[in-house]
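Subject: Structure handover, with notes on pockets, cavities and salt bridges

Hello,

Please find the structure below for your files. My notes follow it.

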Amino acid sequence: MFGRTLSFYFARHFAKMVGAIFLLAFLITALVTYFEFINRVFQGEGTAGFLLAVVALFKVPSLTEDSLPFAVLYGSIAAFVIANRRLEVVVARAAGVSAWQFLLPACAVGLLVGVLATTVYNPLAAELRSLSNQISAKVFSDGSKPVQSTDGDGAVWLRQQSGDSNSIIGAVQSYDGGLGLVGATAYVFEGDDHFRERVDAPTAHYEPGAWHFSNATVTSVNANPKQVADYELSTDLSPNEVKQTFLRLDSVSFWTLPDLAAAARRAGLSTDHYDLQYNVLLSKPILLLAMVLIAANVSLRFSRSRDLGRVIIAGVGVGFMLYVVTKIAWDLGSGGLVSPTLAAWLPAIVATLAGVTVLLHLEDG
């Protein structure tokens, strides 16, 4: 039997390597995000330095969620290679321990990291992301600073109608569950194609039946721009329809997604993106397990391999390929072309089964 002491030793060694690489990715992301805010949002203004740091720091946890599979992959490769360098794997094999036995602690840690990432880290990251957006809204509420997209996705636009007029409204960020907008712009038309005015405001908030733009600049045809403290734009959109457009799922907790999907379903709206995000988070432990198995396939036999570099590059390449395929499947699921459940679970399950199959061939013939 595989001893408890040896199991905890391998598990601790594996967890340290994964944690170290994830911490490194976290710190790099924090620095890049902070300097990006300086250049793109505050334009180097020193008076907003503290709020700048808070806004940047609160966004980092949600930004680093996508780096977790790579942290597990690289941490696993590093842990297995170090174990081979120290001849720990050779000694374990000589003592009659199979590859499956000393791989089990690493798999258990990978699954545990995935469970914690879904149930603890994701809700914490979503809450901090929501607070960051609220702070951004307060900072920009006076309209003294330019608002630019800091999420890399650009503005989100929505066409709406109320009575005989219609308008196009967009924003670079949202808060308050998608009902509050930062960097809001609206193009207002009379009828179908007669442009009336443009409205720009640092913040806007939805209330049933109307949008309220704070400190808005209204530019009309053949008229000079004018400042309006509270510009009201009527709308026939429901709160659920507004959330469907402007709510960012990276600011929604794993535990809140089922309620949002149920509310959208009752309103007769599509729930594909909610269902996809929920299943993606549910499948994360299996995805991380697949990363551990990929690392094991390229690292456990290093003591018998003459070309370490080629083997590790192959592992990194397979990991990136899995990540790309997973992203493509998620895009297909969010677009309704594939079932969200299938899009979320299939890549992780197939990669896990492939990893087990290759290990069975290499270790057991």
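Which helices and strands each supply at least two residues of the lining of the largest pocket? The model is a predicted one, and in it the contributors are α2 (49–63), α5 (99–140), β3 (173–175), α6 (239–246), α8 (272–282), α9 (284–299) and α10 (308–334). Of these, α10 gives the largest share, with seven residues.

Largest pocket

The space in this pocket comes to about 1100 Å³. Its lining has 37 residues, and those nearest the centre are Arg248, Leu249, Asp250, Gln277 and Lys327. By residue class, the lining of the largest pocket consists of 16 nonpolar, eleven polar and ten charged residues.

Second largest pocket

The second largest pocket holds about 410 Å³. It is lined by 20 residues, with Leu322, Pro347, Val350, Ala351 and Ala354 closest to its centre. Here α9, α10 and α11 (340–364) each provide at least two lining residues, and the largest share, ten residues, belongs to α11. The lining of the second largest pocket is made up of 18 nonpolar and two polar residues, with no charged ones.

How many cavities of 30 Å³ or more does the structure hold? There are three. The largest cavity contains about 80 Å³ of space, and its lining is formed by Phe10, His13, Phe14, Ala79, Phe80, Ala83, Val89, Phe102 and Ala106. The elements that contribute two or more of these residues are α1 (4–42), α3 (68–85) and α5. Eight of the lining residues of the largest cavity are nonpolar and one is polar, while none is charged.

Salt bridges

Side chains of opposite charge can pair when their charged atoms come close. The count of salt bridges in the model is six. One of them joins Lys327 to Asp66, with 3.6 Å between the closest N and O atoms. Lys327 is in helix α10 and Asp66 is in the loop between α2 and α3, so this pair ties together parts that lie 261 residues apart in sequence. Both partners are partly exposed: Lys327 has a relative accessibility of 26%, and Asp66 has one of 39%. Lys327 is also among the residues named above as nearest the centre of the largest pocket.

Glu190, Arg196 and Glu197 are linked in a network of salt bridges. Arg196 pairs with Glu190, where the closest N and O atoms are 4.0 Å apart, and with Glu197, where the corresponding distance is 3.6 Å. Is Glu197 buried or exposed? Its relative accessibility is 10%, so Glu197 counts as buried. Arg196, at 30% relative accessibility, is partly exposed, and Glu190 is partly exposed with a relative accessible area of 40%.

Surface patch

Val324, Ile328, Leu332 and Leu337 make a nonpolar surface patch of about 370 Å². Leu337 sits in the loop between α10 and α11. With a relative accessible area of 68%, Leu337 is exposed, because the cut-off for that class is over 50%.

Regards

Notes:
Residues are numbered from 1 along each chain as its sequence is written. This is a predicted model: local features need pLDDT of at least 70, side-chain atom pairs count only at pLDDT 80 or more; totals for chains, interfaces and linings use all residues. Side-chain values use heavy atoms; hydrogens and water are left out. On a 1 Å grid over the protein atoms alone, a cavity is a set of points where a 1.4 Å probe fits but cannot get out, and a pocket is an open set with protein on both sides within 12 Å along at least five of seven lines; lining residues have an atom within 4 Å of a point. Grid points are joined across faces, edges and corners, and a volume is the space filled by probe spheres set on the points. Helices (H or I, at least four residues) and strands (E, at least two) are DSSP runs, numbered from the N terminus. Ala, Val, Leu, Ile, Met, Phe, Trp, Tyr, Cys and Pro count as nonpolar, Asp, Glu, Lys and Arg as charged, and the others, Gly among them, as polar. Patches are made of residues with over 30% relative accessible area and no salt bridge: like charges are joined within 9 Å, nonpolar side chains (Val, Leu, Ile, Met, Phe, Trp, Tyr) within 5 Å. Accessible areas come from the Shrake-Rupley method with a 1.4 Å probe; for residues, only the protein chains shown count as cover. A salt bridge is a side-chain nitrogen of Lys or Arg within 4 Å of a carboxyl oxygen of Asp or Glu. Buried means under 20% relative accessible area, exposed over 50%, partly exposed in between (1.4 Å probe, protein chains only).
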